[in-house]
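Please open the model in your viewer and keep the sequence beside it.

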Amino acid sequence: MTNNHSDLIANADVRELKMIDGSSVIAEILAEDGDNILLYDPMKIILEHSTAMFIPWFTTMADRYVQVNKSKTVANATCTFDVKTMYFQALMRNKVKKVMEQTTEHLEFYEDTETPDVVH
């Protein structure tokens with residue numbers, strides 16, 4: 001990562017939010033006004049075997065912005081640089097996955113086509 005990427009990650013307001021239902025969400029906070037928090041690309045935090053995984057909080061949302069009423073949260077905390085990095089990496093993986101799914105669904109040869117290993 002270049003210093004520019006590191007600066008962007010370090011300066012991003014990425015927080016973990018503990019929701020009243022007990023779930024945890026990670027997102028970039030774009031704005032707070034009175035009773036609401038505007039989240040960008042929120043992801044649900046799943047813990048498996050002491051490892052945090054991020055999955056989309058809303059799997060079918062058309063918009064990448066979600067407004068949450070603060071009364072639906074118990075607490076929130078700013079994430080460490082390493083967690084912010086993992087969050088942005090998860091966002092990029094999901095974006096690439098969506099693009100690949102959209103691109104390959106129209107290719108006739110994509111399904112059930114074996115390709116031999118080629119060595120040049």
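**First stop: strand β5**

Select β5 in this predicted model.

**Second stop: the partner strand**

β3 and β5 run antiparallel and are joined by five bridges. Which residue of β5 is the bridge partner of Tyr40? The partner is Tyr65.

Next, select Val14, Ile26, Leu39, Met43, Phe54, Tyr87 and Phe88. These residues have the most contacts inside the largest nonpolar core, which has 21 residues. At least two residues of this core come from each of β1 (14-19), β2 (24-33), β3 (36-48), β5 (65-69) and α2 (81-104). In soluble globular proteins, nonpolar side chains tend to be buried together.

Now centre the view on Val14. Leaving aside residues up to four places away in sequence, Val14 touches Ile26, Ala27, Glu28, Ala77, Thr78, Cys79, Lys84, Tyr87 and Phe88.

**Last stop: the whole protein**

Finally, display the entire chain. The protein has two helices and six strands, and from the N terminus the order of its elements is α-β-β-β-β-β-β-α. Of its 120 residues, 27% are buried. Among contacts between residues at least 6 apart in sequence, 52% join residues at least 24 apart. If a surface is shown, the accessible area comes to about 8,900 Å², and carbon and sulfur atoms account for 53% of that area.

Notes
Residues numbered from 1 in each chain as written. Predicted model: local features only at pLDDT ≥ 70, side-chain atom pairs only at ≥ 80, totals over all residues. Heavy atoms only, no water. Core = buried A, V, L, I, M, F, W, Y, C linked by side-chain atoms within 4.5 Å. Buried < 20%, exposed > 50% of the residue type's maximum accessible area, 1.4 Å probe, protein only. Helix = DSSP H or I, 4+ residues; strand = E, 2+ residues; numbered from the N terminus. Contact = heavy atoms within 4.5 Å. Pairing = 2+ DSSP bridges. Areas by Shrake-Rupley, 256 points an atom, 1.4 Å probe, with all protein chains shown as cover.
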